[in-house]
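Open your viewer and keep the selection tool at hand. This tour goes stop by stop, with something to select at each one.

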Amino acid sequence: MKIIIAGDLVPTQSNIKWFMEGNILQLMGDELVKVWKGADIRLFNLEAPITGYEKKIRKSGPNIKIDTRAINGIKALEPTLITLANNHIMDYGVQGLKDTVSLLSKSNIPYLGVGKNIYEAKKPVIIEKEIKIGVYVCVENEFASASEECAGANPVDYLAMFDDIKHLREKCNYLIVLYHGGKEYYRYPSPMLQRVCHKMVDSGANLVVCQHTHCIGCEENYCESKIIYGQGNFVFDGGEDEFWNEGMLIEIDLLETKEEVTYYPFEKNRGVIRLAGKEKKEEILSKYKERTKKITDIKFLKETYNEFAKEKSISYMRTIHGYNWRAQLKNKLLGKNVDVGYSDEEYLAIQNIIECEAHRELFLQYLKERK
């Protein structure tokens, strides 16, 4: 029983043609397609709504969507299950979500992680193939969260999700948790993220995979389970740097007495991906193993995170103070802070820092350690 897990997928201008044509050989290359199709179960995260709807929601950060004709490429990948629990799935509101689930349903593509309310969004899936494999997904709170009254994605909820995982574990033989969170471009877990992932394992998860960070991170073996802190993107062309140009597929082979995990590093080139050659594969996996060894040192993990918080502090402080110099000048002249001058975008950016688990933790770390 082989399960293969990929990261974030978003068709972009550089590869939309191949998605429209359903040409996954051009998207992935022969070797990678062979690995992908060789699995019994295939999972990935669809990082944006598939919709023609034009009205964006108000949020901090970019609003992204996928051309509906890209469904041909998504179908050609033959996914067993797609997760929609991510921070972009509600970028075009309820209509964008409706269009997405409607198109996936018409294409006979199973999905999870969203719903018309929190009760639907939090429902897990059990895949039955020889054994029962449970899949639970959630996303940190960034403008996409479902609630009792509102549609959206299953949000991180420390008061409920560990019980949800525990109850799911009672119904399946093997449990996978896909956690959409962590700080972008950071290759290690934050102290809080590590604690959360440990708690997921304590609740019954056999495998926890953290996605969203746009980079390959490291891993941890904890209580006979595996936690992977970042696998990079799948097919998502968003930049030209070491973060966006590398990713890896995770293959879990469930044998009778044990499980084997194999990594397939790949490289992005002009919007498409190819299995990494021997030297590049060894380089990617070597760095992955080096980072993995380092996170056993709690002191290193805390110091590294503290340095990262300092690096990001300028952007956070600018957001809190507001970019509008006229408003800042008016406040200074009045000798007090008044609720004027911030743009709608600036208010949303401040909301995002406070509401999103990864942003809040990082900013608080800087405030506590500043000198």
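In which helix is the place of Ala76? Select residues 71-76: this is helix α4, and Ala76 belongs to it. Keep in mind that the model is predicted.

**Stop 1: Ala76 and its contacts**

Stay on Ala76 and show what surrounds it. Leaving aside residues up to four places away in sequence, Ala76 touches Gly22, Ile24 and Lys37. Ala76 and Val209 are 133 residues apart along the chain. Their C-alpha atoms are separated by 24 Å.

**Stop 2: Strand β9**

Next, select residues 174-180. This is strand β9, and seven of its seven residues are buried. Which residues lie on each side of β9? On one side are Tyr174, Ile176, Leu178 and His180. On the other are Leu175, Val177 and Tyr179. Both faces of β9 are covered.

Now look at the partners of β9. Select residues 131-139 to show strand β7, which pairs with β9 in the parallel sense over seven bridges. Pick out Val137, which stands opposite Leu178 in β9.

Then select residues 207-211 for strand β10. How many bridges join β9 to β10? There are five, and these two strands also run parallel. Here Val177 stands opposite Val208 in β10. Together, β9, α8 and β10 make a right-handed β-α-β unit.

**Stop 3: The largest cavity**

By the rule used here, the model has four cavities of 30 Å³ or more. The largest cavity holds about 160 Å³ of space. Which residues are closest to its centre? Select Glu140, Gly182, Lys183, Ser190 and Leu193, which are the closest of the 22 lining residues. By class, the lining of the largest cavity has 12 nonpolar, five polar and five charged residues.

**Stop 4: A seven-stranded sheet**

Zoom out and look for another sheet. What is the order of its strands? The order is β4-β3-β2-β1-β13-β14-β15. The sheet is open, with mixed pairing. Its edge strands are β4 (111-112) and β15 (272-275), and each pairs on one side only.

Select residues 259-269 to show strand β14, which pairs with β15 in the antiparallel sense over four bridges. Find Glu267, whose bridge partner in β15 is Arg274.

**Stop 5: The second largest cavity**

Stay with β14 and β15. The second largest cavity has about 70 Å³ of space. Select Phe234, Phe236, Trp244, Lys268 and Ile273, which lie nearest its centre among 14 lining residues. The elements that give two or more residues to this lining are β13 (246-254), β14 and β15. By class, the lining of the second largest cavity has seven nonpolar, four polar and three charged residues.

**Stop 6: The largest pocket**

Move on to the largest pocket. How much space lies in it? About 640 Å³. Its lining is made up of 31 residues. Select Gly61, Pro62, Glu142, Glu184 and His359, which lie nearest its centre. Both α10 and α12 (344-355) supply at least two lining residues. The largest share comes from α12, with five residues. By class, the lining of the largest pocket has 12 nonpolar, 10 polar and nine charged residues.

**Stop 7: Asn306 in α10**

Select residues 298-321. This is helix α10, where Asn306 lies. Is Asn306 buried or exposed? Asn306 counts as buried because its relative accessibility is 12%, and the cut-off for buried is under 20%. Leaving aside residues up to four places away in sequence, Asn306 touches Gln365 and Glu369.

**Stop 8: Lys123 in a loop**

Finish at Lys123. Look in the loop between α6 (118-121) and β6 (125-129). Lys123 counts as exposed because its relative accessibility is 53%, and the cut-off for exposed is over 50%. Lys123 and Asp164 are 41 residues apart along the chain, and their C-alpha atoms are separated by 8.8 Å.

Technical notes. Residues are numbered from 1 along each chain as its sequence is written. This is a predicted model: local features need pLDDT of at least 70, side-chain atom pairs count only at pLDDT 80 or more; totals for chains, interfaces and linings use all residues. Side-chain values use heavy atoms; hydrogens and water are left out. Buried means under 20% relative accessible area, exposed over 50%, partly exposed in between (1.4 Å probe, protein chains only). Contact means heavy atoms within 4.5 Å. On a 1 Å grid over the protein atoms alone, a cavity is a set of points where a 1.4 Å probe fits but cannot get out, and a pocket is an open set with protein on both sides within 12 Å along at least five of seven lines; lining residues have an atom within 4 Å of a point. Grid points are joined across faces, edges and corners, and a volume is the space filled by probe spheres set on the points. Ala, Val, Leu, Ile, Met, Phe, Trp, Tyr, Cys and Pro count as nonpolar, Asp, Glu, Lys and Arg as charged, and the others, Gly among them, as polar. Two strands pair if DSSP finds at least two bridges between them. A crossover is right-handed if, with the strands pointing away from the viewer, the path from the first strand over the helix to the second runs clockwise.
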